[in-house]
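Reader: Please present the structure, and then take my questions on its architecture, its packing and its backbone in turn.

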Amino acid sequence: MSTTLASQADETTEVVGIEPIASPPMTRAEKWKRRGPLLPALVFTLLLTQIPFLLTLIFSFQRWRLLGAGEAEFNWGQNYVNVVQDGVFWRSVLNTVVMTGGTTIACLVLGLLIAIFLNHAFPGRGLARTLAITPFFVMPVAVTLFWKSAMFDPSFGLFGFISKSLGLPAVSWLSEQPMAALIILLTWRFVPFAMLILIAGLQSAPQDQLEAAQMDGAGLIGRFRHVTLPHLRPFIELAALLLAMNLIQTFGEIALLTAGGPAYATTNITYYVYLTAFNSFDFGQASALGIVALILTIALILPMLRLLSGIFKTEGRR
Amino acid sequence: MSTELTQTSVLVTGSRRKARRGGQPRSARKRWASVGMATGAWVSSLVLFFPIAYMVLKSFQTEQVAASAVPQLIFAPTFEHYIEAFDSGIWPFVINSFLVTAISTLVVIALALPAAWALSVRAIQNPQDSLFFFISTKMMPIAAGIIPVYVVASQLGLLNTTAILIIMHLGMNLPLGIWMLRSFMQEIPGEILEAAAVDGASSWRIGFSIVLPLMRPGIASTALLCAVFSWNEYFYAANLTTTNSTLPLFLQKFLSFGELYTAQVAAVATLVSIPVIIAGWIAQKSLVRGLLFGAVK
């Protein structure tokens, strides 16, 4: 396994991808011939993502309760006024930021640490790496249910047993520290993902620069700070972006572990939209929530998006 | 291999330098450093894997043993929860999960391969823009689109069907599939394709007789990853289906049974996780390749 990993890292530097063969200006016919293969995927994705978005926008301006009387009708943006005045909504925004930010940071720190450990050759490295990556692949619903009873349960959960063994009072995680419980579970699931990306980064660290720095008398920490870390930056940024993208959408863990509670303490935006739409059956209000969620998500992720497009641009120039 | 060799040499020279300064025997320092690293690696790997091992262990306990306040490591194993799992109406959900996973993954590959071609080998102008569009759809909050999807699906009679799950999983996995397949396609050496073009091979010919065979490992691992995500998907299953659904929903409904359920949940959780764990283990390296080499290079 180590051999393939290393050779994989070599490929980063040696294999040159196919340059887009676009030297002479293309004719109209040639342009469409080239677009052809892309169209099915592009049209499908456009339809499936843009139409629901437009419909959400339309719904969000309507008074539309499934349980209420009457047809859906235009209500002059009342839904948006309700959203902005809704304390629970702002709570859910804060929860989303805490959950996403906390888990992303924890994953990056722990992922980097484990990646550094695993980047060195030692007996059984392949096996250790394979075991470490497993939490990312197991069915989230399955492990969430298992964690709920076998780990977090105050009377027979493992965490309770550990704190009692240490002479501490058993914490009832899901009622007293629900957010911490969620962040622990999510971090466990996503650390392997951060780790995989950062191992790839470490594997492709510039050995010549590391050696040169060493010749100049840089210590282990100095080499890490001044050579490895700058090299890792795009990898850390990409990991942060992909993690945040996934975590901002967290739904299943909340639904199964805490059901957003107690008292909305763990309701994020996604779960609040779900509650409004499928528990209160207020489709108009839920649509407005969805649109505001979209705007906030873009605001939160836009800085990272810029970064990604920057990476793409660099790649384009290559 | 070369990377590893240079690393080792860095380590050796490093310890030599320190040995000279600190007067410690060089081999001892080196050994301690690598023992420390290896210990850290094994401890963290085992900590990460522990909950899964613990889950498998609990699945063989009776509910009473599983619910004892002190974790029991030695016990008489029972298979009752596995037998119970198969007797509890799991099969329709298993079949649905396989159907949704297989069909959505196949269609993702069928759509993503030509798209990847148009973004790498015979690239359209500004392929970055299209790539960026595809990945940006992954950033749209799923909550912002679920209500219209629900409404339209209910009008088309697609609620509580596998068809709607297949469609939504396609949308979910297509950007990933395109990204990964494109980065694998870009690794095919340009000279091979140029040589074929010079010999007069048509685009179709190059695609089917050169690119496709070379892409086989890339296609396999892309498909495995899409299958993992489809198999595990819960949000659409929970919102668009009820009784005629996939395994994650079966598991959620399992909870309503009985007072003690840890061991039973562990058994079902273990069963449904086996396929994805195996697929994930096979595809783990390509996940990074596919995600990274498209972006960071």
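Author: Before the helix packing is discussed, one convention is needed: axes are lines fitted to C-alpha atoms, for helices over the stretch in contact, and angles run from 0 to 180 degrees between N-to-C directions. The model is predicted.

Reader: At what angle do helix H11 and helix H12 of chain A pack?
Author: Helix H11 covers residues 207-215 of chain A and helix H12 covers residues 220-247 of chain A. Their axes are 10 Å apart, and the packing angle is about 145°.

Reader: What is the handedness of the crossing of H11(A) and H12(A), and which residues of H12(A) make the contact?
Author: H11(A) passes H12(A) in a right-handed crossing. On the side of H11(A), the contact is made by Gln209(A), Leu210(A), Ala213(A) and Gln214(A). By class, the contact has three nonpolar, three polar and one charged residues. The residues contributed by H12(A) are Arg223(A), His226(A) and Val227(A).

Reader: Is Ala240(A) buried, partly exposed or exposed?
Author: Ala240(A) also lies in helix H12 of chain A. A residue is buried if 20 or more other C-beta atoms lie within 10 Å of its own and exposed if 12 or fewer. Because Ala240(A) has 18 other C-beta atoms within 10 Å, Ala240(A) is partly exposed.

Reader: What percentage of the contacts in chain B with a separation of 6 or more join residues 24 or more positions apart?
Author: In chain A, which has 318 residues, buried residues make up 45%, and 70% of the contacts between residues at least 6 apart in sequence join residues at least 24 apart. In chain B, which has 297 residues, buried residues make up 49%. The percentage for the contacts in chain B is 77%.

Reader: Which helix of chain B gives the largest share of the side that touches chain A?
Author: The interface brings 99 residues of chain B into contact with 108 residues of chain A. The side of chain B divides into 65 nonpolar, 26 polar and eight charged residues. The largest share of that side, 18 residues, comes from residues 262-295 of chain B, which form helix H13.

Reader: Which residue of chain A does Ala112(B) touch?
Author: Residues up to four places away in sequence are not counted here. Within chain B, Ala112(B) touches Leu174(B), Gly177(B), Ile178(B) and Leu181(B). From chain A, the residue touched is Ala41(A).

Reader: Which residue of chain B does Trp147(A) touch?
Author: Trp147(A) is placed in helix H7 (residues 140-151) of chain A and is buried because 27 other C-beta atoms lie within 10 Å. Trp147(A) and Leu185(A) are 38 residues apart in sequence, with their C-alpha atoms 7.8 Å apart. Not counting residues up to four places away in sequence, Trp147(A) touches Phe152(A), Leu185(A) and, from chain B, Pro51(B).

Reader: Near what value is phi of Asn160(B)?
Author: Helix H7 of chain B (residues 143-155), whose buried residues include Ile146(B) and Tyr150(B), is followed by Gly157(B), with a positive phi near 70°. Asn160(B) lies in the loop between H7 and helix H8 (162-186) of chain B. With 15 C-beta neighbours inside 10 Å, Asn160(B) counts as partly exposed. Phi of Asn160(B) is positive in a residue other than glycine, near 60°.

Reader: Near what value is phi of Ala263(A)?
Author: Most residues other than glycine have a negative phi. Ala263(A) is in the loop between helix H13 (252-257) and helix H14 (269-278) of chain A, and counts as exposed because it has 10 C-beta neighbours inside 10 Å. Its phi is positive, near 55°.

Terms used: Residues numbered from 1 in each chain as written. Chains lettered and ligands numbered in written order. Predicted model: local features only at pLDDT ≥ 70, side-chain atom pairs only at ≥ 80, totals over all residues. Contact = placed C-beta atoms within 7 Å. Helix = DSSP H or I, 4+ residues; strand = E, 2+ residues; numbered from the N terminus. Nonpolar A, V, L, I, M, F, W, Y, C, P; charged D, E, K, R; others polar. Left-handed = near helix turned anticlockwise from the far one by under 90°.
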